Amino acid sequence: MATANKICSLGRRTYRFAASVSGVIALLIIIWGCTANDFNAGAIAWKTYSNSRYGFEFPYPSNWTSSAGPANGDGIAFISPQNKTVEIRGWASQQLLNSIVTEQEPVKKIKPNFQTAQGVSGVLVVEVDQGVGSMTLTLTQDQVKYFWQGRSKSQEFQDYYRLFYYIAQQYRISKS
């Protein structure tokens, strides 16, 4: 029960930000997510994607298919077998050192609002517009920026919200 409360509390905080960007639809999805039945991760057969280049991993449903990953090994995407418009993806990139980055445009810093089960803090942003709904997790450790995202059509996002949230919680970074 504490997990459900934590999810709803986080969802409300995340949606205060996203609602200003994406409107009322986003708020309705979060409200639905907080009243929906608990997600049962045990009912799904899982596999784990591991990225050896950047040292991250996350679970994905075992019946989802992977798309061809980039040749540079930055990450991968998985697509639902029931609905080809639903995908999850994870990737990472090296950050440029501050002395190299030019000040062309001020970078907006969003305070961490999410913590993985591993204890790594990051930013979780949920955005829903008229076409697409997405949940994006961004974590930074050392000079690497890690990303995970779940996407679906907006009208189906509520069906995948808890799945996406669970996977974001399970995202892991290898200890260096």
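## Ground rules

Helices (H or I, at least four residues) and strands (E, at least two) are DSSP runs, numbered from the N terminus. This is a predicted model, in which local features need pLDDT of at least 70 and side-chain atom pairs count only at pLDDT 80 or more, while totals for chains, interfaces and linings use all residues. Residues are numbered from 1 along each chain as its sequence is written, and side-chain values use heavy atoms, with hydrogens and water left out.

## A loop glycine

Let's start with Gly 119, which sits in the loop between β6 (114–115) and β7 (121–128). Gln 169 is 50 residues away along the chain, yet the two C-alpha atoms are separated by 9.3 Å.

## Strand β5 and its partners

Strands β4 (residues 75–79) and β5 (residues 87–94) run antiparallel and are joined by five bridges (two strands pair if DSSP finds at least two bridges between them). Here Ile 79 stands opposite Glu 87. β5 also pairs with β9 (residues 144–153), again antiparallel, over eight bridges; there, Gly 90 has Trp 148 as its bridge partner.

## From strand to helix

Trp 148 is buried, at 0% relative accessible area, and Phe 164 is likewise buried at 0%. Their ring centres lie 6.1 Å apart with planes at 65°, so the pair is edge-to-face (centres within 6.5 Å; planes under 30 degrees apart count as stacked, over 60 as edge-to-face, the rest as tilted; Phe, Tyr and the six-membered ring of Trp). Because Trp 148 lies in β9 and Phe 164 in helix α3 (residues 157–170), the pair ties together parts 16 residues apart in sequence.

Note on methods. Buried means under 20% relative accessible area, exposed over 50%, partly exposed in between (1.4 Å probe, protein chains only).
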